[in-house]
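Hi,

Here is the structure I promised to pass on.

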Amino acid sequence: MDQAENLRKLVNNRASQKKNRFRVITVTSGKGGVGKSSFVVNLAVALKLRGLKVAILDADIGMANVDIMYGVKSKYSLFDLVFKNKSINEIIEVTQEDIKIIPGGSGLKDIVDLDDTQREKLINEFEKLDDIDVLIVDTGAGVSKTILNFVGISDEVIVITTPEPTALTDAYSLIKIIKNKFEDANINVVVNKVRNIKEARETFEKLSNAVNIFLKSKISYRGFLFEDKRVPLSIIEQRPYLIMYPKAEASMCIMKIASDVIGIEKDNKNTTIKDVFFKLLGRMGLGS
Ligand SMILES: Nc1ncnc2c1ncn2[C@@H]1O[C@H](COP(=O)(O)OP(=O)(O)O)[C@@H](O)[C@H]1O
Ligand SMILES: [Mg+2]
């Protein structure tokens with residue numbers, strides 16, 4: 001039996017012991033700096049306030065900063081878990097709001113080359129994390145193998161754009177690549193930094209029309225966030241704006257988006273944390 005076959009067997013065995021299903025949401029963008037990480041940090045708080053157990057995987061290899069936005073500092077990452085024998089509980093940071101942050105770090109890149117023992121270790125450690133309702137994956141901008149791997153295992157992909165034409169064309173290019181690879185990808189768009197609701201809607205319509213006409217495909221509108229100076233302020237304060245400024249316009253917007261996510265969430269929990277990493281490992285080296 002070759003190595004790939006061995007792992008597939010292991011995956012199938014484990015996958016049959018399903019319990020505690022949860023949902024994976026990957027947040028990404030074409031252009032950088034459009035507001036992914038601040039969105040992820042506050043969406044996590046909003047979902048937590050609505051009673052869900054939330055974890056964030058910080059998969060932005062170059063600029064991982066979710067921890068800083070919560071005012072915590074990760075000492076370790078998946079790299080230390082796989083290569084330095086740290087346990088999952090040693091690498092996770094838990095925020096004041098009881099949100100678990102899993103720092104991907106450079107370890108994410110190296111997952112492609114794991115041997116059997118290292119894969120086992122990764123899977124075993126993630127099994128300890130079963131008590132989660134939603135896993136939100138924060139990624140870097142643009143297209144990379146890592147991002148596409150996460151898109152492939154997600155129940156929902158949220159593409160963030162702003163009304164700027166450059167952000168919009170980059171969002172279109174990203175959606176095109178995702179749809180080419182995963183025809184059925186569930187892509188939802190959040191328009192960030194808008195001045196009014198009309199601008200948000202029009203921005204989405206432009207993107208949606210291009211996707212309809214040129215890709216013969218569909219995307220959905222997930223909502224918008226007003227341009228709000230309390231967003232950068234809260235980053236300086238290293239606390240989520242939803243906690244610091246619950247009445248801010250951006251906070252209202254994020255609560256609305258969270259409600260819509262939960263609306264779908266109810267009857268759509270179909271993955272365990274184990275499944276996610278089995279699938280991910282499969283994608284990253286073994287195919288299927
Ligand atoms: N709704 C908003 N209103 C005002 N500024 C925002 C908003 N969302 C994000 N920003 C600002 O944009 C910058 C990039 O945000 P960040 O979340 O780090 O983006 P990304 O993760 O996509 O690089 C930050 O300075 C942040 O304060
Ligand atoms: Mg970011």
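Helices here are DSSP runs of H or I with at least four residues, strands are E runs of at least two, and both are numbered from the N terminus. On that basis, the chain has 14 helices and eight strands.

Some housekeeping: this is a predicted model, where local features need pLDDT of at least 70, side-chain atom pairs count only at pLDDT 80 or more, and totals for chains, interfaces and linings use all residues. Residues are numbered from 1 along each chain as its sequence is written, chains are lettered from A and ligands numbered from 1 in the order in which they are written, and side-chain values use heavy atoms, with hydrogens and water left out.

On burial (buried is under 20% relative accessible area, exposed over 50%, partly exposed in between, with a 1.4 Å probe and protein chains only), 57% of the 288 residues count as buried.

Most residues other than glycine have a negative phi. Aspartate 98, in the loop between β3 (93-94) and β4 (100-103), has a positive phi of about 70°, and this residue is partly exposed at 45% relative accessibility. Lysine 216 also has a positive phi, near 50°; this lysine sits in the loop between α10 (197-215) and β8 and is exposed, at 71% relative accessible area.

Finally, contacts (heavy atoms within 4.5 Å): among those between residues at least 6 apart in sequence, 79% join residues at least 24 apart.

Cheers
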